[in-house]
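Please examine the sequence and the structure before reading on.

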Amino acid sequence: MSREAAADAATDASQEAAVANEVILETEGLKKHFDQSDGFFDRLLNADKSVKAVDGVSLELRAGETLAVVGESGCGKSTLGRTLLNLHEPTEGTVRFRGEEIGGLSDREMRPYRSEIQMVFQDPLASLNPRQTVGDIVTAPMEVHGIGDSDAERTRRAKELLERVGLKPSYIDRYPGQFSGGQQQRVGIARALAVEPDVIVADEPVSALDVSVQAQILNLLKDLQSELGLSLVLIAHDLSVIRQVASRVAVMYLGKIVETAPVRELFEEPNHPYTRSLLSAVPRIDPSARTDRVVLRGTVPSPIDPPSGCRFHTRCPAVIPGEDWDGSQAAFRRAFTFRTRVEGGDVDVDAVRRQMENANGGSAGDEAVSERIVETTLPGEPRSLPDDAAERVREAARLLVDGDAAGADRTLGELCSSPCAADEPARVDTGDDRWAACHRVDPEYDASAKPMEGTGSSG
Amino acid sequence: MSDKNAGTPEFARHAGEFGPGEVPEEYRTEETVEEYTTTRERIVRVLKRDKLALLGALVVVGFILTAAFAPYVAPHGPEQQFGFMQEPMSESTGDFDGDGQRETVTHYLGTDSFGYDILTRIMYGAQISLLVAFATVAFAFTVGTALGTLAGFYGGKIDSVIMRGIDFIWAFPTIILGVGIIAVMGGLGWLNVVIAIGIAFVDDFARIVRGEVLSIRQEEYITAAQAVGMSDVRVMFREILPNAVSPIIVQATLMIPLAILGEAALSFLGLGVKPTTPTWGLLISDGRQFISQAWWISVMPGLAIMTVVLAFNTLGDGLRDAFDISESEVN
């Protein structure tokens, strides 16, 4: 307990320092799209098949703080990290280091900044050249940036660095394969520190390590930060990791930041429904503390063709019902899931029919098939929906069976209209030094009229 | 960290309790370091284990030493003449060392149509043949590795241009390409042979290196090197190539016998070195007219080629096993 309190106090202190401090690294509308269309026909059809890994991220990192970027795998966190270092050239938007634009600089122009921004990688072994000794690995950045006058001087510095990250100086002649995972990550940190950077981007620095070693590495990062005045961008998917070291958190979903807040406030009162569901997924030892689990259903939508409006609306438990919906929000969520599944092409009419025919040993009528589709695709009972809504859902299923997928989409689109699917949520300041991008917190949308009841029951 | 486990536990308050980072006595292990094997150590290890490869290596070393010290080990001078076309193990009697006394010498491999001692000629021929072979492979190695690295590292247009050129070389049989290059360059001489066969061998190295570079380029330590700010040249030569060296070494060992054969073939065709220089290919060529009367003139240098080619091949196969490289990767 006392340890936790001390950690909180430290976080508080660094928060206060961070508020007063300047912005050191900053992105504005940063986008990184990966082109997937590789072929003459793709170009001919003009199909935009780029993967929108990072799609309009505005962030700022202040001097001396630890900014955690958190999100599910595949949400673009690592791409964001690499784009910050200009290892990926941004498709659009800017990255500024101390006010100077560094996005898209050539290797040569970028070199001076490379000694200011360094990176720690996820897989410690893969990030170390297997044919170089630890000494070679740690002195190479110094050679590149002209730090130290002679090889002997650089080796001496490398030994100091090894000691600083908790390794024996005598390890300098060993090869990466001879170390444990935690030690390898310490070498990776020593390499990053070799050029005395101001900013370190740590891309999942502990997710490849044992839990017991994770804490050691995180503590090392924290100690180094306070000793050297580093600013850290910590990319992670593990919220317990973030709680331990971060001062501010940015929550990322499908290439966009949905919420940022100081770490304590985020954990105490998450604003965005996505953050809420992430937090409820943190394992707890005491089962009674696990009452309000928000389980996300469905798969993460493809970043090639992200959902319209709020990107989270396809899975959001708190999706806002349209104005002409007269049922409850929970009922709307169920109908909306039906809509998402139908629109996403998840319903295979032929497969349902074949399955029924196999089970019955005979033919299955259209009516029966559409009933079955409603049964299997709609969460919960159709009865619990408002009567006209249930009828519209059945109608959509019938249209689907008739092969009129567009008609089904239209019917459901009219039934389950939601501002979440229509408009992109804007950044709304929700408190001191925090914001979220969600219609629920936006005063322009009167979400209070359709409150979200009992998050646990929805989904 | 194992070094923190030593000493008395800080967290355990009662016997049998262990705090974080502590390990019960029975699970505590001595700090051990896995042995790192360098390329050289691996080669030595395979030679110790694989007797055939060791034999190959010894034969290769034997030939190299013989060639290097030919003036000291050869029984006669290369231009010293005896009776024409004497059989192997025949003897000549006369004053050969100029001391005024007559002595008897044995021609272990016979003499050729000019009366030169064949064993002597083979030893001197090894100088040119091996030198040309090594120089050829060194040339192909350097050019091929450079081209393959550039193609693999940069990809895109550079890759396309380089690899189409490589395909062009690859499409020609070695000897025909060599003959063509010598015809274009004009003139004879060992340097021309080296360049001609070397160019014909560039494709083998370029392909292997490109493949290796393509896969190594994806490794995270390359990203790390770029994040550190290393130049492309440094990334290529300090980070990528040392990791691609094993298949190139194996390929080089397997290309040397082909280079020896290539040089012999060009010399046999009269496109190699000057006709009077003893090389294995020329020795075979010289004996061709007399093959029915004196088989040993052609067969003896042929045996020398066979031996050294076999030796290099067994050595190369051993190294291939040592580096665990698949047959398809190197050929």
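## Salt bridges

A salt bridge is a side-chain nitrogen of Lys or Arg within 4 Å of a carboxyl oxygen of Asp or Glu. The structure, a predicted model, holds 30 of them over all chains.

One of these joins A:Lys256 to A:Glu424, with the closest N and O atoms 3.2 Å apart. A:Lys256 belongs to strand 10 of chain A and A:Glu424 to the loop between helix 17 and strand 11, so the pair ties together parts 168 residues apart in sequence. Helices (H or I, at least four residues) and strands (E, at least two) are DSSP runs, numbered from the N terminus.

## A pair within one helix

A:Glu343 and A:Arg339 also form a salt bridge (3.1 Å, N to O). Both residues lie in helix 12 of chain A, four residues apart, about one turn of the helix. A:Glu343 is partly exposed, at 40%, and A:Arg339 is buried, at 12%.

## Between the chains

Contact, meaning heavy atoms within 4.5 Å, involves 27 residues of chain B and 36 residues of chain A. Three salt bridges cross this interface. A:Glu143 forms a salt bridge with B:Arg238, the closest N and O atoms being 4.0 Å apart.

## Conventions

Residues are numbered from 1 along each chain as its sequence is written, and chains are lettered from A and ligands numbered from 1 in the order in which they are written. Local features need pLDDT of at least 70 and side-chain atom pairs count only at pLDDT 80 or more, while totals for chains, interfaces and linings use all residues; side-chain values use heavy atoms, with hydrogens and water left out.

Methods
Buried < 20%, exposed > 50% of the residue type's maximum accessible area, 1.4 Å probe, protein only.
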